[in-house]
Amino acid sequence: MELIISIPLLVSLVAFWIPKKLVKEMSLAFSLTFFVFSCFLLLKFDVSRDFNFIYYQEILLEMGGSLFLGADGLGLLMILLTNFVVLYVNLMSWNKDYKNNFYGWVFFMQFALIGVFTSLNAFLFYIFWELALIPIYFILFQYGHGENARKTFVRFFVYTFVGSLFILAALILMKTALSLETFNLKTLTPLSLQGRDAVIFAILLFIGLGVKIPIFPLHAWQAETYRNAPAEGTILLSGIMLKMGLYGLIRWFIPFQESMSSGLETFLLILALIGVLYGAVIALRRNDMKLIAAFSSLSHVGLIAAGIFTFKYIGLQGATLQMVVHGINIVGLFYIIDLIERSTGSRQLTELGGIASKSPAFAAMALIIILGSIAVPLTNGFPGEMLLLFSIFLYNPILGILAGLTIILGAAYMLRLYQRVFMGEVSEKVSAFKPIDTIHLVALGVICILVFAIGLCPQWILDMTSINSQYLANLLEIKN
Amino acid sequence: MIAIIIVFVTGLLVMLSGLWKQRDISKPISLLGLGLAFVSILLKKEFALDFSQFYVWNPLAIMMTALSLFIAFFLILNYDATSKPENNSSVLSMLLFSFSGALLLFGYTHLLTLFLGLEILSIPLYVLAASDKNNRLSLEAGLKYFILGSFGSAFLLFGIALLYGTYGGFGIERVIQVQQMGIALPPYYYVGMLMVLVAIFFKMALAPFHFWSPDVYEGSPTIITGYMSTIVKIAASIAMYYLLNGFFAASAKSWLPIVIIISCLSFLISGLMGIVQHNVKRLLAYSSISHASFILLAILIALVEEKSKSTVTFYLYTYAISGLLVFTILNAIKSKDNLELDSLNGLVSHHKLAAIGLTIGLLSMAGIPLTGGFIAKWNVLSRIYPLNLFSFVMALLASALGIVYYLKTINRVCFYTQKDKTTSELNSSWTLNLTIVICIILILVLGILPGESFEMILGLF
């Protein structure tokens, strides 16, 4: 495990210093091998044990921290997703001219993200959580574009930093209320907070995690930041940084909610659902493809969060599956948008049209990915979304129906995008469509294969996280 | 203990060395003297000097002396020598005299030693603040500091007089004796206590006694600002520590609300005012107000919890090292507009090491994980929460507001490009690079392995 986490860090340092000519090739080579390596880890994964690949060092003891790393099913899936996203970042930036520090920061981010997903100690988790902010900020600020980009990114950083201060407060509250010596997960889970402490802890942690996800009232930073970010930054943000928040919900929020009042639970669920519908409705009206994708992302993760808040086994399983699936699909989506922007110079629906006649292969793959994000059966979106909707419906039929609207709305805005951009007459901008490099087509092709593969056999993912979800659901049922 | 004498004598020698016009040896002599003092601490020998009535060489004094010697060494190492030897010798000798006053504050047991130390610390500093003859702001800074500082000293003296009236003596033993007798304290005791506290609040630049600080930081030559921000802050904090923990320990109920209110006010003011600043040194002045407030809370924690005494020393260590790092880099930047924020534009493309150093120093001050500053802030925050919720919330607020202005500065360093109006250059030299590297290593080590490294440092002394 220590290898898994330290190699990206070392590569990051290397990337900062090697000559610019080599850095692209090296990064791609490394991210590919690392991704394949992490796929091998899948084979070595032992489903029956709760945490694999454990690494434990006693540092930071006085603060209650320790270098306690380990991966269970959820963690390993997230590591895979991280490596996948980083690989695609490298693929996407293949034709672009980025300096060394871009790649250096990407790998540093990989290091911080793997740290977040494998920390089994709350203090360590917090350290990696805040650490992940720095590389993404540097990537965004240096390579972002657009008017007011700088202000947007500063706002993004401050917003997220304040959110992580809420998590800090929650951790300190927990430490004081339970007189903790250490923040290790194994020691923490049997304990539980009481009464008012529990409510405040839940709210603080919710706000802190909710900023990252983002959940409805705390989402203001998202749209503008996605729009002004470089494409690679956007897939880092939406592909994997989002998942940090959701992972935090499952790993660090849920185990301590045994005594949560059902009123609070319903409230959080409703907030998540508001996000679902809000994102979907706005996406229907936007003309900038990146914004459509950003709001669709808001909508989808709202659904995942809602599934988590139902506190049921099905909901948690659906959430985990959908986290992986959404990561893959959103990477594909933003990849497509970036390719279109590079080839035609525009992201506006009003200015595009008829790409299908220019590049049928590209259009076909785009259709597959879009269908995947709509959750059409046989694609990867379907099983996860179904599980989530089941779970919400079981919780409350009315909320379930409302959540189900997401399918209809999702289809609406996504197909609207597809029709305006790919179908119809060839617009002015598209007539000068530069052909897309094979490497990008191959990369998209791999995503399409994944869309179908996971759509047809999602069971292995569900099996990996089954123990964890079962354990959490049992914890919560005690009070239900 | 001998360290104070060594530093003072070095000061005298440096002053005299100015008479030798051929060569400028003030810097080497001062560095040698400081090094000698540092070695004297490492030797751990008792030098059979018993002034325990006035000054005691306890572990806190040892650690703080060691820290300040380290900081002063690098500050003087990076001092830009002017062409005239007599100017250099004056400045450096006054710096050393002021420093010996600071050393007196690290272990005082007698209220007059407090006064003596504070005066010896301050008076040369008034002159040093005004020592940049070409800069009008420097004269203004010196004058402001002198006038307000004299007020502060007057308050201190009057307060000490009232305390003498209460206790009938100045030393800590007399104070403890009287406290154990359990007599009801007369009203003028509280007045005296308040006046002494106000004087130290002034020195620490806590709100609402902070108004001198941005102007003086802005006007003074940058190395002197660095000295003020690190060593003077440390000295004032330790002075406060001994007051709250020793002389006023028995009347904790009376000063507790004052301390809480002052620290919360400082958090608020430093955060709000720091955001609107556009001069780097003023910005750092407001940031140091917020740090002083954290230190005040840490002192409070050390008083309440026995095993949390290291919170104060750890915070001072990380704060001082990051202050040293930031100010030595700022000192090397020759800016035309007295270090407005724009002077830092594009530093990363011109001088990578300085940019990295400045960024890490600012990140440590902001409290980003992996730096020592984060661990220090975590220590204070986690221990102040059970004691006082309001200051906990205000401290978090200060961190949130602080990140805005730290981010502003880091943006300039890392991303903005230089515009023609405010070109500034950085004089890179081996002394600067050495300082930067050492400070970065210390900050990262203190941030990643705080327990082990801090224990190692403690073990050295």
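Trainee: What is the relative accessible area of Glu140(B)?

Mentor: Glu140(B) has a relative accessible area of 36%, so the residue is partly exposed. Keep in mind that this is a predicted model. The cut-off for buried is under 20%, and exposed begins over 50%.

Trainee: Which side chain does Glu140(B) meet in a salt bridge?

Mentor: The general idea is that side chains of opposite charge can pair when their charged atoms come close. In this structure, Glu140(B) forms a salt bridge with Lys144(B), at 2.8 Å from N to O. Lys144(B) is also given as partly exposed, at 29% relative accessibility.

Trainee: How many residues apart are Glu140(B) and Lys144(B) in helix α6 of chain B?

Mentor: Start with the rule: an α-helix has 3.6 residues a turn, so residues three or four places apart point the same way. Glu140(B) and Lys144(B) are four residues apart in helix α6 of chain B, so about one helical turn separates them. The pair also belongs to a network, in which salt bridges with shared partners join Glu140(B), Lys144(B), Asp215(B), Glu218(B) and Arg282(B).

Trainee: How many salt bridges are there over all chains?

Mentor: The count over all chains is eleven salt bridges. One of them, in chain A, joins Arg347(A) and Asp288(A) at 3.0 Å, N to O. Its two residues come from distant parts of the chain, 59 residues apart. Arg347(A) lies in the loop between α13 (313-344) and α14 (355-358) of chain A, and Asp288(A) lies in the loop between α11 (262-285) and α12 (289-309) of chain A.

Trainee: What are the relative accessible areas of Arg347(A) and Asp288(A)?

Mentor: Arg347(A) has 11% and is buried. Asp288(A) has 6% and is buried too. Arg347(A) also meets Glu341(A) in a salt bridge, at 3.3 Å from N to O. Glu341(A) is partly exposed, at 24%.

Trainee: Let us turn to rings. How many aromatic pairs does the structure hold?

Mentor: The structure holds 58 aromatic pairs over all chains. One of them is the stacked pair of Tyr145(B) and Trp212(B), with 4.8 Å centre to centre and 5° between the planes. The pair links distant parts of the chain, with Tyr145(B) in helix α6 (residues 136-167) and Trp212(B) in helix α9 (residues 212-219) of chain B, 67 residues apart. Tyr145(B) is buried at 0% relative accessible area, and Trp212(B) is buried at 3%.

Trainee: How is the pair of Tyr385(B) and Phe392(B) arranged, and what angle lies between the planes?

Mentor: A pair of aromatic rings is described by the distance of the centres and the angle of the planes. For Tyr385(B) and Phe392(B), the centres are 4.9 Å apart and the planes are at 70°, an edge-to-face pair. Tyr385(B) is buried, with 18% relative accessible area; Phe392(B) is buried as well, with 4%.

Trainee: Which residues do ring pairs link into a cluster?

Mentor: Ring pairs link a cluster whose members include Phe16(A), Trp105(A), Phe108(A), Phe111(A) and Phe415(B).

Trainee: What lies over the face of Trp129(A)?

Mentor: Lys212(A) lies over the face of Trp129(A), at 4.4 Å from the ring centre. In chain B, the charged end of Lys377(B) sits over the ring of Phe294(B), at 5.0 Å from its centre.

Trainee: How many residues does helix α4 of chain A have, and how far does it reach?

Mentor: Helix α4 (residues 100-118) of chain A has 19 residues and reaches 27 Å from its first C-alpha to its last, close to the 27 Å expected at 1.5 Å a residue. The helix α4(A) is mostly covered, with 18 of its 19 residues buried.

Trainee: Which residues form a nonpolar patch on the surface?

Mentor: Ile5(B), Val9(B), Leu13(B), Leu16(B) and Leu19(B) form the patch, and together they have about 470 Å² of accessible area. Leu13(B) is in helix α1 (residues 2-17) of chain B. Leu13(B) is partly exposed, at 44% relative accessible area.

Trainee: How far apart in space are Val127(B) and Ser138(B)?

Mentor: Val127(B) and Ser138(B) are 9.9 Å apart, C-alpha to C-alpha, and eleven residues apart in sequence. Val127(B) is in helix α5 (residues 111-129) of chain B, and Val127(B) is partly exposed at 43% relative accessible area.

Terms used:
Residues are numbered from 1 along each chain as its sequence is written. Chains are lettered from A and ligands numbered from 1 in the order in which they are written. This is a predicted model: local features need pLDDT of at least 70, side-chain atom pairs count only at pLDDT 80 or more; totals for chains, interfaces and linings use all residues. Side-chain values use heavy atoms; hydrogens and water are left out. Patches are made of residues with over 30% relative accessible area and no salt bridge: like charges are joined within 9 Å, nonpolar side chains (Val, Leu, Ile, Met, Phe, Trp, Tyr) within 5 Å. Accessible areas come from the Shrake-Rupley method with a 1.4 Å probe; for residues, only the protein chains shown count as cover. A salt bridge is a side-chain nitrogen of Lys or Arg within 4 Å of a carboxyl oxygen of Asp or Glu. Buried means under 20% relative accessible area, exposed over 50%, partly exposed in between (1.4 Å probe, protein chains only). Rings of Phe, Tyr and Trp (its six-membered ring) pair if their centres lie within 6.5 Å; planes under 30 degrees apart count as stacked, over 60 as edge-to-face and the rest as tilted. A charge sits over a ring if NZ of Lys or CZ of Arg is within 6 Å of the ring centre and within 35 degrees of the ring normal. The expected span of a helix is 1.5 Å times one less than its number of residues.
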